[in-house]
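This report goes through one model, starting with a helix and moving on to rings and charged pairs. Keep the structure open while reading.

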Amino acid sequence: MEKKNLLIAQSGGPSAAINATLAGVIAKAQQSPEIGRILGSRHGIEGVLTETYVDLTDFADLERLKATPAMALGSCRFKLPADFTDPIYGRIEASLADMEVGYFLYIGGNDSMDTVDKLSEYYAGRPGAPAVIGLPKTIDNDLPGCDHTPGYGSAARYLAMTMEELIRDTAIYALPSVTIVEIMGRNAGWLTLAAGLPRLRGGQKPDFIALPEVPFDEKDFLAKLRTRIRESQNIIVAVSEGIRDLNGDYVGSNTKSGVLDSFGHLYLSGVGKYLEGLVKHEIGCKVRSIEVNLMQRCAGHAASQTDLEEAFAAGEFGVEMAVRGESGRMAVLLRREGEPYHFYCESVDVKACANGERLVPERWFDLEDAAVQKEICAYLLPLMKGDVPQFRDEYGFADYVIF
């Protein structure tokens, strides 16, 4: 049997689980007789263009790699051109041919699947072309076709735990105060739902949970806040960075930088600070804003064992897809109906996932509804279950894998 080499790369934003998918790819590839060398591209597709590779064929420290957050191979945000006659495609083709790559697996989110889609379309119908497979990753949990995405369970766990601690912190003073917690989420509120779990599980806080899918009315917010602060002096607000007003504009849009990334997405931050100023001006109580920012993306110390195990399985499944001849496909995580919770992997056309978004369903918008709260908890909690073995010294410092 003629063996072909496998190339794996990572792209987009980091997570606590993306290296678990990388570990799954390496483990399965090492067991596959169809595969020769296992290569990693440094910094995603950019590493292919610069021919910057690392040999992973004999890498054995898979458990430590699984527990390592962010990207051990590095990442990039590089948008391939729509024109397949662009010289960039010739450079990619030459690089893959030079390394005798027969299988190319790319781990990433919505924009990364755009790369998989374009490359697989470029190679379509060519004899001996490499299989191009997408593997899911995004803490935003917004990839279409998935029940959930690797990385989300760990980010959700970190946010729920952090919110619980903030609730305790803010409860100690007997004076009116408002704490606004800004959470990632451009268009999808999955992460903010996770931050709201202390309340959705039956608690009293956070007092307000603002999703980008639901128009945000500042006057209504202030009116409810005035009422709520008479009932409970210490108010906590969980708010997505991408909430929009009744006209569809970003709340506090004058605080945004206006800078776009390579895929045309506006960099968002500042809504928490904007609401802090609004509350201070209109209500006059003690108020502070907290932007959770990068910490929610790859907090390895709070990672979910379920999340990492599923990410590992997605990597294994991607190798299976590639060696059986699939291309232009993405592995997705789905769940079987009923209890107890059980997931499985499926193969879907990457075109159904690239550049798309899966938003929080409309039936979940009424977060005061007990049935909605129960359904959200049933969806979220299994993804957050289990502690990850920690490769740390006696002082808590981690021993992570960096290639």
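## Helix α6

Helix α6 covers residues 152-170, 19 residues in total, and at 1.5 Å a residue it should span 27 Å. Its end C-alpha atoms lie 27 Å apart, which agrees with that expectation. Note that this is a predicted model. Of the 19 residues of α6, 14 are buried, so the rest of the structure largely encloses the helix.

## A nonpolar surface patch

I172, Y173 and L175 make up a nonpolar patch on the surface. L175 sits in the loop between α6 and β6 (177-183). Its relative accessibility is 34%, so L175 counts as partly exposed.

## Aromatic rings

The count of aromatic pairs comes to eleven. One of them is F84 with Y89: edge-to-face, 5.2 Å centre to centre, 85° between the planes. F84 is partly exposed at 27% relative accessibility. Y89 is buried, at 1%.

Y122 and Y123 also pair, with centres 5.3 Å apart. Their planes stand at 75°, over the 60 degrees cut-off, so this pair is edge-to-face. Both Y122 and Y123 are buried. F84, Y89, Y122 and Y123 belong to one aromatic cluster.

## Charges over rings

R126 lies over the face of Y122, 4.1 Å from the ring centre. R336 places its charged end over the ring of Y344, at 4.4 Å from the centre.

## Salt bridges

Side chains of opposite charge can pair when their charged atoms come close. Across the whole structure, a search finds 24 salt bridges. Among them is R64 with D61, at 2.5 Å from N to O. R64 is buried, with 18% relative accessible area, while D61 is partly exposed at 30%.

Which residue forms a salt bridge with R157? The partner is D387, with the closest N and O atoms 2.7 Å apart. R157 lies in helix α6 and D387 in the segment after α12 (370-380), so the bridge ties together parts 230 residues apart in sequence. R157 counts as buried at 14% relative accessibility, whereas D387 is exposed at 56%.

## A helix link and a network

E282 and R226 meet in a salt bridge of 3.9 Å, N to O. This pair links distant parts of the chain: E282 is in helix α10 (residues 271-282) and R226 in helix α9 (residues 218-231), 56 residues apart. E282 is partly exposed at 36% relative accessible area. R226 is partly exposed at 33%. Elsewhere, salt bridges with shared partners join K205, D207, R228 and E231 into one network.

Note on methods. Residues numbered from 1 in each chain as written. Predicted model: local features only at pLDDT ≥ 70, side-chain atom pairs only at ≥ 80, totals over all residues. Heavy atoms only, no water. Helix = DSSP H or I, 4+ residues; strand = E, 2+ residues; numbered from the N terminus. Expected span 1.5 Å × (residues − 1). Buried < 20%, exposed > 50% of the residue type's maximum accessible area, 1.4 Å probe, protein only. Patch = residues over 30% accessible without salt bridge, like charges linked within 9 Å, V, L, I, M, F, W, Y side chains within 5 Å. Areas by Shrake-Rupley, 256 points an atom, 1.4 Å probe, with all protein chains shown as cover. Salt bridge = Lys/Arg side-chain N within 4 Å of Asp/Glu carboxyl O. Phe/Tyr/Trp six-rings, centres within 6.5 Å; stacked < 30°, edge-to-face > 60°. Lys NZ or Arg CZ within 6 Å of the ring centre and 35° of its normal.
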